[in-house]
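I began with the interface and then turned to the rings.

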Amino acid sequence: MRQELFITRHRQEWADFTQWLDARAAKPRRARADRNWRGLPDEDVPVAYRRLCQQLALARRRGYSPQLVAQLQALMQRGHNAMYRPPLPHWRRAFEFFLADFPCLVRAEAGVMRASLLLFLLPLLASFVAVQVKPELIHALMSPQQIAQMESMYAVAANKLGRESGTDWMMFGYYIFNNISIGLRTYASGLLAGIGPVLAVAFNGVMIGMVASHLQNAGLGDPFWRFVAAHSAFELSAIVIAGGAGLRLSLALLVPGRRRRVDALVEDGRRGARLCLGVFAMLLMAAFIEAFWSSIGWLPASVKFGVAGALWLLVALWLWRGGKDRNAR
Amino acid sequence: MLDTVREVLTPEGVALRLPAAGPVPRALAWAIDFGIRLSLLTACTMLLGALGKTGMGVYLIALFAVVWLYPIVCEGMFDGQTPGKRALNLRVIASDGAPVGWLASCVRNLMRTVDMLPFGYASGLVSGLADPWGRRLGDLVAGTMVVHVPRVRDAAIITSEAAQPPAQPLLPTEQAAVVAFAERAAQLTPERQIELANLADMATGTHGAEGVQRLFAVAGWLLGKR
C-alpha cells in the first residue's frame, strides 16, 4: 500500500485518538465525571491504541517517510503513557497502608529489623552503663558548653521541659526538619554498602545512652524521663525501622542472592521506600508529641508516664498485630 | 555509550524509543529548580520573619518541604517533570517507558543523599557517565531514567499535487530521503531547497528551481499519487 492511501484510510482513527488524548487522558477523574463526551468512547481506547501500534509497525516495515513514522511514534508514546500509568493514589488506600500494610512490611523484614534493633540497643545500654561507671566519659562526646546547655534544658525550675528557649511551634518545625531528615538519610545511606545505617543507628544509640546516663548522674533524671517518655515510643522505633530499611538496601547491594544486583536493588529499594513512608509518618507523630505534649512541665509524673506507657503499648501492638487479619479476608 | 537511545519493546510488540538525557541538561534543570527553591524560601523568610519564633517553626517546616518533598511532589504530580525539567524538555520515566510512579519518584529523590557524595553530585556524575543510559545511582535503584521529551512536528504537508516517476529507479533509503525532503521543505529557505534538490539530480534529471518542483513531483509519485 502506498503511503498516501495508508494515510487517507487511517487519518480519521488517528484524529479521534489524538482528540481523546487531548481531552480525556490528562485528567481521568474529571473525564469520568463529564457525561457529555461524544468522541471516542473510553472503552474503545485500548483497541484504538493497539490498532495504532499495528499501524506504526506496518509504517516502519514498509519504509514510509520518517515524518509519518515519527508522528505515529509520538502518538503511540502518548497512548502508551495513558495506558500504562500507575493507578491514582486514594486517601483510603493511604489509611490502609499506615494501619495494615506498614506493620506487615516491618514484620516481613524481621531479620534486618532485629539487626537494626541490636545495633541501636547494645550501644545505648553500653554507653549508659559506661557513663554510670565513669562519668567523665561524656566529655569524649560533648563539649562543656553543650553539656551546660543540655543541663539547663532540664533544670528543675524550668516550666518548659526539654528546651531552653523557643516556642512549641518553633520546636515542632525544628523536629520535623531535623529528625525526619535524619531518618530519610539513614535509609538512603544504605546504598553505601551498609556503612551509613550502621553508623547512624549505632551513633544515635551511643548519644542517647550517654545523655540519659549523664542527666541521671546530674540528678536531672526525673525531668528528663518525663520529657522523653512519650515521644520516644514513635521516635526510637522509627529510627530502628529506618535503619532496618537501610540495611535491607545494603544487603541487596552486597548479597543479592539469585537476583541480578540491579533487580535486587530496585525491588528492595521499593520496599525500603514504603518503609520510609511509614517512618515519615511516625516521626511526624513524634515531632507533634515532642513539641506540644512532652514539654509540658506542670503535669504530674504519673499522668506523663501513664500516657507514655499507653503510647508504647499502642506502637508495639500496631507493629505486632497490624494487618494480621489481612490473610483471613 | 555512544548510542544513548534505549529501545523498549512494549507489550504490543512495538519498540519505544527513549532518548536518554546526559548530565549537562540534567544539571541545568537542577540549577533552575534550585533557583526556584531558593526564591520560595526567600519569600517564606520575608513572610514569616514578622511572626517571630512561631514563624521560625513554620519556616523550618517549609525548609523540609522544599528540600525533601519538592522534587517528589513535582515529579509525582506533573508527569515526571519538575519546573526545571519542563524548561529543558526533560522527563523522568520508568525504565520500561511507563510514566514514573509515586514510589519510584520517592526512591530516586531520597537517593540524592548518596548521589551528592562526596560533593556536588560526584557519585551521580560517575554513575551517569558509566551507565549506557546516563542513570545516576538513584535512578538505578528506583528503576527510572531521564529522557528528552520528543518534539512533535505538525502534520506532513506536500506542496505539489503533481506526480512524476523518478528519472531512474531509487533505493528504499533514497525514496525515504526524497519524501522526507518534500515534507520538510516548508521549513527551508528556497535557496536551501535548490541546494538540496541539486544533490538529487540523478532522480530529477534537472537543476535549480525546476529541480525542486520535479523532486516534489517525484515525492508525490512515491507517496502514491498517480
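This is a predicted model: local features need pLDDT of at least 70, side-chain atom pairs count only at pLDDT 80 or more; totals for chains, interfaces and linings use all residues.

Residues are numbered from 1 along each chain as its sequence is written, chains are lettered from A and ligands numbered from 1 in the order in which they are written, and side-chain values use heavy atoms, with hydrogens and water left out.

**Entry 1: contacts.** I counted 54 residues of chain A in contact with 56 residues of chain B, contact being heavy atoms within 4.5 Å. How many salt bridges are there between chain A and chain B? I found zero, taking a side-chain nitrogen of Lys or Arg within 4 Å of a carboxyl oxygen of Asp or Glu.

Next I asked which element gives the largest share of the side of chain A that touches chain B. That is α8(A), with 13 residues; helices are DSSP runs (H or I, at least four residues), numbered from the N terminus.

**Entry 2: aromatic pairs.** I found 16 aromatic pairs over all chains. Rings of Phe, Tyr and Trp (its six-membered ring) pair if their centres lie within 6.5 Å; planes under 30 degrees apart count as stacked, over 60 as edge-to-face and the rest as tilted. A:F97 and A:F98 are edge-to-face, at 5.2 Å centre to centre and 70° between the planes. A:F97 is buried at 8% relative accessible area, whereas A:F98 is partly exposed at 31% (buried is under 20%, exposed over 50%, partly exposed in between; 1.4 Å probe, protein chains only).

A:W169 and A:F292 also pair edge-to-face, at 5.5 Å and 70°. A:W169 lies in helix α8 (residues 168–188) and A:F292 in helix α11 (residues 261–292), both of chain A, so this pair ties together parts 123 residues apart in sequence. I noted A:W169 as partly exposed at 40% relative accessibility, and A:F292 as partly exposed at 24%.

Last, I noted that ring pairs link A:F97, A:F98, A:F102 and A:W318 into a cluster.

How values were computed. Helices (H or I, at least four residues) and strands (E, at least two) are DSSP runs, numbered from the N terminus.
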